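Colleague: I've got a protein model open and I'm new to this. Could you show me how to read it?

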Amino acid sequence: MNVKDKIAIVTGASSGIGLATAQLLAKNGAKVVLAARSKDKLIELSKTLPDSLVIQTDMTDEAQIKAMVAKTVEHFGRVDILVNNAGRGYDAAIVDTDVKKFQELFNLDVIGPLVAMQAVIPDMQKQGGGSIINISSGTALMALPNMSAYSSLKRALVGISLTAKQELKDDKITVGVVY
């Protein structure tokens, strides 16, 4: 995919896969929106990425997710790429799974990406296309001890991604999932 001069939102950009993704996109000519809760880390990263924009965003907060997309469109005029990377793992046996923690992770790992997709899709439809990449995990394809909660969240994201891929193909919006 040619990303030169494309506008890309990367959630969870303050560390790990999100940070590496933001750096790679910028290296290849994209203008990157850096989204995460860690504003100080994003500001430091932004200093190394030309034309990047920092938008502190809690991906469990629907209003902040929608504001992130609106600020991106206001600043750059469009969103070409959404990388839904923000997420957190959870390692616990079924009998030890904390339901409240599981619900919090559901909001981050599943609902957050869904809301971000819902926020960018109308603009992508108007502009004639775009790309959405949802970062899942290989655990979505496995049955591993102590990983049932995390695995199920990542499986849910895979399900949303595969369905969206079919629903949006006529709108020239590609939806991919990375394991």
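Colleague: What is the mean pLDDT of the protein?

Modeller: pLDDT is the predictor's confidence in each residue, from 0 to 100. Where it is low, the predicted coordinates should not be read in detail. In this protein the mean is 97, and 100% of residues reach 70 or more. This is a predicted model, so local features need pLDDT of at least 70, side-chain atom pairs count only at 80 or more, and totals for chains, interfaces and linings use all residues. Residues are numbered from 1 along each chain as its sequence is written, and side-chain values use heavy atoms, without hydrogens and water.

Colleague: How do the axes of helix H3 and helix H4 cross?

Modeller: Two packed helices are described by the angle and the distance between their axes. Helices are DSSP runs (H or I, at least four residues), numbered from the N terminus. The axes, lines fitted to C-alpha atoms over the stretch in contact, have angles from 0 to 180 degrees between N-to-C directions. For H3 (residues 62-76) and H4 (residues 99-127), the axes come within 9 Å and cross at roughly 30°. Among the contact residues are Ile65 and Val69 of H3 and Val115 and Ala119 of H4.

Colleague: Is lysine 100 buried or exposed?

Modeller: Buried means under 20% relative accessible area, exposed over 50%, and partly exposed in between (1.4 Å probe, protein chains only). Lysine 100 lies in H4 and is exposed, at 59%. Of the 179 residues of the protein, 45% count as buried.

Methods
Helices (H or I, at least four residues) and strands (E, at least two) are DSSP runs, numbered from the N terminus. Contact means heavy atoms within 4.5 Å.
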